[in-house]
Amino acid sequence: MKHTFILIAMISALLSGCKKTDPSTVPSLSTAAVSVITFNTATGGGDVTADGKEVVTARGVCWSTSTNPTISNSKTSDGAGTGVFVSSLTGLSAGTTYYIRSYATNSIGTAYGNEISFATNALKTAALTTTLVTGIATTTAVSGGNISGGNGSPVTDRGVCWNIATNPTITGSHTSDGNGTGSFTSSLTGLSPGTTYYVRAFATNGIGTSYGNEITFVTSPIQSPTLTTDAVTLITFSTATSGGNVTSDNGSPVTARGVCWSISPGATIAGTHTSDGSGTGVFVSNLTGLIDGTLYYVRSYATNGIGTAYGNENSFTTVLNPALYEVIIQSMAFIPQTITVPLNATVRWRNKDNVAHTVTSDNASWDSGNIPVGNGKSSTFSFPFTAVGTYHYHCALHPMMTGTVIVQ
Ligand SMILES: [Cu+2]
């Protein structure tokens, strides 16, 4: 009984003595999982679960591209004491594997948590799309692109590239339309008419050049020019002013332009016309040699390597020349049948009928010959009367048609 008591007392003393002499240690901690990883940042942290009986004066995470990082490598400082802490890792390199450990320091020393490895996001070429092609002409078109992300490296050049073969690259024809992300517009020039092209947007960053989706388009073929006809102004009995505007040469230089006119609709350059230079743009045309009191049709024209095109048609009527005496031939009759004119007047007969006629002196002193059908200069006959008298005439083709000129 006495022995037993002594033994318990001894054990008790031994135990309490051991407790008092338990030494302080470095802290105990664990490393948190790494999250929110970007190209050059990440979020980590740790949990100091025990201070080792001494105050934790520093804590954080440390990391390295080699295993077993220490606080002599890159590290954060995230306060003091025990408990959970969050660490922001910055200055990381993209596309790199790192080893990270939490750390906690007290007066005894620095302890490390478990090691975790993670990799930052790798830099990539930019992501982009190609804009639909619009404004297609013979040698030009408009496209562009939209760069949705630089993928960690600034976009230093962008534009579109094109080729007559698929998968165009910047080693061929391309534009240069600034830098950075977002949408941009590109003007394609120097294209060949009537040709199929393949176009892709491109973006170049520090990693390299990437391309958007490929789009196909066909340039407009070369055509005859496009033009309009000016309204007719400054109309006299023998002249008028018109002109036109060649709005496009449609891929082939304009070598001739002007206006053509006729007494019938649809005047062409096979008939009467002006020549007013070359190229595109506005030009002015002076119409001369017109017959007074006559309805004319006028169209501008422009000729390029493909052919001649005509503008819209305008019509006008020249002013009647009051000094001129006119007899109209119509419906198998001379109208007026008798005309009285002063000495030295010129009488003009104009055939407005649908068959040819003549104006033939009854005494055979003058004869027009056949006056053909029409409404212009070619369908008229003029004769000056230089002596007072009465002159009877008829149509040699239709002798029942007669008329008289009285010169006073
Ligand atoms: Cu006749």
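In the predicted model, Asp 362 is located in the loop that connects strand 25 (360-361) with strand 26 (380-384). Asp 362 is classed as exposed because 12 other C-beta atoms lie within 10 Å, the cut-off for this class being 12 or fewer. When residues up to four places away in sequence are not counted, Asp 362 touches His 392, Tyr 393 and His 394. The C-alpha atoms of Asp 362 and Gln 223 are separated by 58 Å, the two residues being 139 residues apart along the chain.

The domain assignment of the protein divides the chain into domain 1 (28-119), domain 2 (127-218), domain 3 (226-317) and domain 4 (325-407). Taken over C-alpha atoms, the centres of domain 3 and domain 4 are separated by 33 Å.

Strand pairing was examined for strands 21, 24 and 26. Strand 21 (residues 325-330) pairs with strand 24 (residues 346-351) in the parallel sense, over 5 bridges. Within this pairing, Ile 329 has Asn 351 of strand 24 as its bridge partner. Strand 24 is also joined to strand 26 by 5 bridges, and these two strands run antiparallel. Here Trp 349 has Phe 381, in strand 26, as its bridge partner.

An open sheet is formed by 3 strands in the order 8-9-12, with antiparallel pairing. The antiparallel pairing of strand 9 (residues 141-149) with strand 12 extends over 7 bridges. Asn 146 has Ser 183, in strand 12, as its bridge partner.

The largest nonpolar core contains 18 residues, of which Val 259, Trp 261, Leu 287, Val 298, Tyr 301 and Ala 302 touch the most other members. At least two residues of this core are supplied by each of strand 16 (240-248), strand 17 (256-262), strand 19 (295-303) and strand 20 (308-317). Strand 19 gives the most, with 4 residues. The contacts of Tyr 301, not counting residues up to four places away in sequence, comprise Arg 257, Gly 258, Val 259, Cys 260, Ile 269, His 273, Thr 308, Ala 309 and Tyr 310.

Terms used. Residues numbered from 1 in each chain as written. Predicted model: local features only at pLDDT ≥ 70, side-chain atom pairs only at ≥ 80, totals over all residues. Domains from an automatic or database assignment. Buried ≥ 20, exposed ≤ 12 C-beta atoms within 10 Å, placed from the backbone. Contact = placed C-beta atoms within 7 Å. Pairing = 2+ DSSP bridges. Core = buried A, V, L, I, M, F, W, Y, C linked by C-beta atoms within 7 Å.
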